Amino acid sequence: MAIARQVLCLSAFLSLPLAGSEPIRYSVAEEAESGSLVGKLAEDAGLTPAQLSARRARLVSEDGRQHFRLDGGSGRLVVSGRLDREELCGQAATCMLPFELLLANPLQFFRVEVTLVDINDHSPVFPEEEVTFDIPETSDLGSRFPLEVARDLDIGSNIIQVYSIFPENEYFSVSYGTQITGKKYLELVLEKALDREEQAEMSFSLIAEDGGSPPRTGTTQVHIVILDVNDNAPVFTEEVYVSKVLENMPEGSVVLTVLATDQDAGVNGDITYQLSQAVEQSDSAFVIDPITGEIKLTKPLDFEAAETHELSVRARDGGGLSAICKVLVEVVDVNDNAPELVVSSFSSPLPENTAPGTVVALFSVRDRDSGANGQISCSLEDQLFFSLRPAYKNYYELVTVSALDREETARHILSVTAADAGSPPLTSTQTFTVDISDVNDNAPVFNQTSYTMYVRENNVPRVFVGAVSAADADVGLNAKVTYSLSPVQAAERPWCSCISVNSENGHVFVLRPLDYERLRQTEVTVSASDAGSPPLRANVTVRLVVLDENDNAPLVLYPGQDSSPASGELVPVSAEAGYLITKVVAVDADSGQNSWLSYHLLRATEPGLFTVGVQSGEVRLRRPVTDRDAVKQKLVVLVRDNGKPPLSATAALSALLLKDFSDVRLPHSSPTTEDQGDSLTTYLIVSLVFVSLLFLISSAAFVARKVCKRKELEAGHVLYGADNLQSGLADAAAAGTLPRAYCYEISLTTGSGNSEFRFLRPILPSLPPQHCATGQEPDEGQDFPCVPVSTEDMAPDSAGTLSAAEFNALSFT
C-alpha cells in the first residue's frame, strides 16, 4: 500500500511542470505605490486563500529579491515596494519580472510573469550642457555640424520625438533621424552664409522633446564662433570603434586607441581628443589621453552591472573643427561570482529509524555569471546515508538513502558543494548539520564476558568484593541501566544466597562469612536492564572465588606424635656428614603459600650434630659422629607454614648412635645398661620390621616402575612407614612436601653371625648420574637418577645365597 502511494505521489509531481507550463501573466505600471493590486493570483491559480495558508504558499524569485507580496487573506498579488523599470531592465524593450508561487504539502509550483509598463518619468538629457562650434565663415550653405543626441531612459512613445532651436534663427536649422545602420544622428545645418564681420558669435538653445503625456524636454546651449578659413575638419579612421575588455582588467589598462586625421596644416591640423558623456555619467570608468587618443580604465568593470559601455569621442583640430566617433566597449564575463545556495527548508534532528527517502532539506542554487560561468552542478560529499536529487529547475532536495544509526554516528555534518563550469571553477559550500535522535535499539553490554571476584574466608558480613558494569549505547532513559540477580540458574551450577548486587551501581557484596574449606567458589547470574520501552536486558556470569586464610596449623604425619615414646632412628657412628637419618612429613589443610611448609631444628641434644632440610624435612648429620657424642640423641623439629602470621607444629624424634648394630645385644653390667639394651633391642626389632616392610614395598614399586617406566618415576613418592601411614603420605605428596625418590646401596659381610651392618650410606650424593639399568635412561623431572641395589656389592655365602639374618638386616630409607 505504501509503495502504491509513493508511485501516485511521484506521478503527480512529474505532472506538475506539464500542468503549470503556461505561466500566469500580469502587468503593472512602474513607480506604482506599495500595496497596489497586480492581480488575483489565488483565483487565477485555481486556489482559495485558505489553501494558500494551509499549504504555506510563498513567492520565490531567482535573484532573491521580492518585488511583490502575496496577501494571504485575499489571495491577491500586490506591489511590495518601488518599481523602477529603468533600474530593473534598463533599455530593454520589454521588462518582465518572473517568479514562482511555491506550495508545500504537496510540492507544487506556478510560474508567474509580471510585465512592468513604462511611464514617462525621465526627461531627455544631452551629453553636454553647452556645445561650442568654431565655424569658418567660408562654410558652404548646407554644411552640417554633428551634435550628440540626447538620451531618454524611457522606451516606446516616451522617447525623444523632436528637436527644435530656440529662439529660431535664420542661420541654422536642426536635422535628426536614424541612419540605415540604425544609428541616430543630430546635426546643425547651415542655412545662410556666415559673415564674421557682421556677427562673430551667436548662441541659442537646442531643445529635445519626448512623446510622453505630458511631454518632457531637455536643453543644451549651442555657442557658435565664426572663424576664418579652416576648411578641413578632423576625420576618424572608423565611425565606430569596438573593443572587448575582460571585467577583471586592472585600473589603468588601455581599452583602445582612437585616431583622427586632419588635412590642414599647422594649428588647424593639430587634433585633441575628449570624451563626451552625459552629466549623470560623471563617474565614468573611462578616460582618454587628449594627445594620443588612448582610452584607459579608471576603475574595474563589472559584467553583471553592465555588459556594454557606449562612449562618444570628439576630435577637435586647432581651427575649431571637430568630428565625433562612437566607441563600443563590450565587457567579457569572467568567472568572478561563486554560486549561491539559498535554503528553503531544513529538518533536524531526525529519529534514527527514519525511513530512507525522507526529505531533509530543500534549497536552490544560482550564479550571477553567464554562459559556462553560470552553469552550476551540485555534489554531496557523504553519499552513504544522504544524497541529492533535483526537485524543480534549480531546486534540489537532500534526502536519506539508507538506515541511520545514532550509536554509530550521532551527528552528520553534510557539505553540499555547488560548482560552476568556469575555468577555473568557483565553488560555494553549504553545511547541513543533521542530529540523529535516539530510539531504544541497543541492549546493555557488560564490559567483560564474565567476572571473577575474590573474597577471603572468614570475611565480615556485607563485604564489598567487586562490581559489574554494563554500558548501553543509547542515551537518556534508553541508556539508564539497573542490575539484579537473575532468578534463573543452570541446573548444574550451585547457587549461593550469600551474594547480593546493588541495582544502581552494580556493586557486589557477600552477605555472610564463608569458609574456604567448605566452599571454594560459586557462580551467580547478574542481569542488566535499561529503562527503554520495551526494556532490553543482558546477563553475565559472576564467579566468586573464596581465598584461603591461614587458619589451619601444620599436621605432622611422620613420625607419629600420638604415641608416648618418640620415634627412634639407628645411626652408625661411621656415617659421614650428610647422612640421611629420617624425614619429617607434614601437611597443611590450607592452600597456596599458607600450605608451604618449612622445617627447622628447634632443640637437640647435640645441636651441632644435626641439620634439617628447610624444604624437604630431611634430618641429616651435619658432621661425622665423635666419641664425645651421646649414644642417644633427642631432637625436636619445628614445622612452620608460610602464612601471615605463620602457624606451626613440632615433631619429636630420637636417634641411637651405634658403632655396630650388634651393640644392641651386648650384655649389660648394670640395671641402667640393661634398660638401655632392652630399649636398643626394641628399637632394633622395630627397625628390622620397618625395613622389611619397606623392602617389600620397594620391590613392588621397582617392578611397577619397570612396567610403567616414566609414570611412577614422575610421581616421585617415598614410603616411610607401615600401611597405616599410606593415606598421610599420599596427602603429603599432594601437598608437595615429600622429596623425590632416593635409592641406597647396602653392603653385607659373608661370615657375620650377628648379621651386622658393615656399611650403610646414601649412594646418590657421592655417585655421578648413571643408568638405572642397561639401556634405561634416568626418569625426566628428577634431580638425581635412580641407582638400583647392586647384587655385586652383596657378598654371597658359601652356597651363593644370603642368610635369613642378613636378609632381614637390610635397611631402606
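Analyst: The side chain in question belongs to aspartate 548, where a polar atom lies 3.0 Å from the backbone nitrogen of serine 591. The model is predicted: local features need pLDDT of at least 70 and side-chain atom pairs count only at pLDDT 80 or more, while totals for chains, interfaces and linings use all residues. Side-chain values use heavy atoms, with hydrogens and water left out, and residues are numbered from 1 along each chain as its sequence is written.

A polar contact of 3.1 Å also joins the side chains of aspartate 548 and asparagine 594. Here a polar contact is a pair of N or O atoms within 3.5 Å; within protein, one must be able to donate a hydrogen and the other to accept it, and residues adjacent in sequence count only if both atoms are side-chain atoms. Aspartate 548 sits in the loop between strand E40 (537-547) and strand E41 (555-558); strands are DSSP runs of at least two residues, numbered from the N terminus. The aspartate is buried but has no salt bridge. Buried means under 20% relative accessible area, exposed over 50%, and partly exposed in between, with a 1.4 Å probe and protein chains only. A salt bridge needs a side-chain nitrogen of Lys or Arg within 4 Å of a carboxyl oxygen of Asp or Glu. The nearest side chain of opposite charge is arginine 520, 7.2 Å away; Lys and Arg count as positive and Asp and Glu as negative, with His and the chain ends not counted. Leaving aside residues up to four places away in sequence, aspartate 548 touches Arg456, Glu457, Tyr516, Glu517, Asp590, Ser591 and Asn594, where contact means heavy atoms within 4.5 Å.

Two cis peptide bonds can be listed next. Strand E40 is also one end of the loop that holds proline 534, with strand E39 (521-530) at the other end. The peptide bond from serine 533 to proline 534 is cis, with omega near 0°. Another cis peptide bond joins asparagine 105 and proline 106, with omega about 0°, and proline 106 lies in the loop between strand E6 (96-103) and strand E7 (108-117).

Positive phi values come next. Asparagine 458, in the loop between strand E33 (450-456) and strand E34 (463-467), is not a glycine yet has a phi of about 65°. Glutamate 31 has a phi near 65° and lies between strand E1 (24-29) and strand E2 (37-39); at a relative accessible area of 29%, glutamate 31 is partly exposed.

The structure holds one disulfide, meaning a pair of cysteine sulfur atoms within 2.5 Å. The disulfide joins cysteine 89 to cysteine 95, with S to S at 1.9 Å. The torsion about this S-S bond is about 60°, so the disulfide is right-handed. Cysteine 95 is buried, at 2% relative accessibility.

A polar atom of the tyrosine 273 side chain lies 3.0 Å from the backbone nitrogen of alanine 260. The C-alpha atoms of tyrosine 273 and leucine 259 are separated by 9.0 Å, at 14 residues apart along the chain.

Conventions: Helix = DSSP H or I, 4+ residues; strand = E, 2+ residues; numbered from the N terminus.
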